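Subject: Structure handover

Hello,

Here is the structure for your files. My notes on it follow below.

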Amino acid sequence: MDNEKDNITEMPETEAQPTAQEPEENVVSVWYGSGNTKWFRKRWFDGYTQYETLEPNGKKVMHNVYTGYWYIQELDERGRWQHRIVYFAFAIFAAALLLFGSTRVIAANIHWFGGVPAFVGLFGLAWALYGVVNDCIVPQKRTIGDYRASSLSVIRGGLMAAIACGVLVLVTLVYTILGSPKTGLHLLAAAAELVAGGLAYVVHWLETKVKYTKKQSELAGKYTM
């Protein structure tokens, strides 16, 4: 997790956290998304505060505001698109190479030793591509949920795919050393898987180098009971 935090610059608390304001007079209840014990609520509402107001007619109305940290990407529009294109191209090419290597009719691909890492590698690349798509959707100033869905998905998906491809290369080479038939085809598959893992790691590494500024929401501390 440390390498995921190295690209985040956290603003000093004196700058990021303004003086807390008094709660609205008609606020009757407050709920914090990050404090909920249910996984799906903590996952999707982390950083949000939900509060209930009592209207003059006696009706209660629910409101959602973001009171957590903002993650502001330090890239201009051109830089953002350059990263997206590179990530997409590398991930697609890596997936094609991984599929090529893992579908050769060789001993290394017949058993689960080769099937499991191949599946994990493809899943990791799909996860990274999911992050690329989200990066095109979410704004430059992101909630914790936006940051997880975009940047962290690229980082973690790329690393997962790289590790899985590395394991698959080792499995293929072990079968080659043990003297399995079709030695040349084993080496070809291992080379394709090695390049796929390298491309996945480059995607992971490049995204860890993208800088973010972490700034607390101006509404932090406003809604309390």
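In the hairpin of strand 3 and strand 4, Gly-58 takes a positive phi near 90°. Five residues lie between the two strands of that hairpin. Helices (H or I, at least four residues) and strands (E, at least two) are DSSP runs, numbered from the N terminus. This is a predicted model, in which local features need pLDDT of at least 70, side-chain atom pairs count only at pLDDT 80 or more, and totals for chains, interfaces and linings use all residues. Residues are numbered from 1 along each chain as its sequence is written, and side-chain values use heavy atoms, with hydrogens and water left out.

Strand 3 covers residues 48-54 and strand 4 covers residues 60-66. They run antiparallel, joined by seven bridges. Two strands pair if DSSP finds at least two bridges between them. Glu-52 faces Met-62 of strand 4. Thr-53 stands opposite Val-61, also in strand 4.

Now the overall layout. The protein has seven helices and seven strands. Their order from the N terminus is α-β-α-β-α-β-β-β-α-α-β-α-α-β. Of its 225 residues, 42% count as buried. Buried means under 20% relative accessible area, exposed over 50%, and partly exposed in between (1.4 Å probe, protein chains only). Take the contacts with a separation of 6 or more: residues 24 or more positions apart account for 73% of them. Contact means heavy atoms within 4.5 Å.

Four strands form it, in the order 1-7-5-6, with mixed pairing. Strand 1 (8-10) and strand 6 (141-142) are at the edges. Each has a single partner strand, so one side of each lacks a neighbour in the sheet. Strand 1 runs parallel to strand 7 (residues 212-216), and three bridges join them. Glu-10 has Lys-214 of strand 7 as its bridge partner.

Then the helix packing. Two packed helices are described by the angle between their axes and the distance between the axes. Axes here are lines fitted to C-alpha atoms, for helices over the stretch in contact, and angles run from 0 to 180 degrees between N-to-C directions.

Helix 6 (residues 144-177) packs on helix 7 (residues 183-208) at an angle of about 160°. Their axes are 7 Å apart. The two helices are therefore roughly antiparallel. On the scale used, angles under 35 degrees count as roughly parallel, over 145 as roughly antiparallel, 65 to 115 as roughly perpendicular and the rest as oblique. Helix 6 passes helix 7 in a left-handed crossing. A crossing is left-handed if the near helix is turned anticlockwise from the far one by less than a right angle, and right-handed if clockwise. The residues of the contact of helix 6 with helix 7 divide into 18 nonpolar, nine polar and two charged. Ala, Val, Leu, Ile, Met, Phe, Trp, Tyr, Cys and Pro count as nonpolar, Asp, Glu, Lys and Arg as charged, and the others, Gly among them, as polar.

Helix 7 also packs with helix 4 (residues 77-102). Those axes come within 8 Å and cross at roughly 155°. Helix 4 and helix 7 are therefore roughly antiparallel to each other. Their crossing is left-handed. Helix 4 contributes residues including Phe-90, Phe-93 and Leu-97 to the contact. Among those from helix 7 are Ala-192, Val-195 and Leu-199. The residues of this contact divide into 17 nonpolar, three polar and two charged.

Three single residues are worth a look.

- Ser-153 sits in helix 6. It counts as buried because its relative accessibility is 3%. Its C-alpha atom is separated by 4.8 Å from that of Gly-131, 22 residues apart along the chain. Not counting residues up to four places away in sequence, Ser-153 touches Trp-127, Ala-128, Tyr-130, Gly-131, Arg-148 and Gly-158.
- Asn-134 is in helix 5 (residues 112-137). At 14% relative accessibility, Asn-134 also counts as buried. Leaving aside neighbours within four places in sequence, Asn-134 is in contact with Ala-149 and Ser-150.
- Lys-182 lies in the loop between helix 6 and helix 7. Lys-182 has a positive phi of about 60° although it is not a glycine. Its relative accessibility is 47%, so Lys-182 counts as partly exposed.

Best wishes
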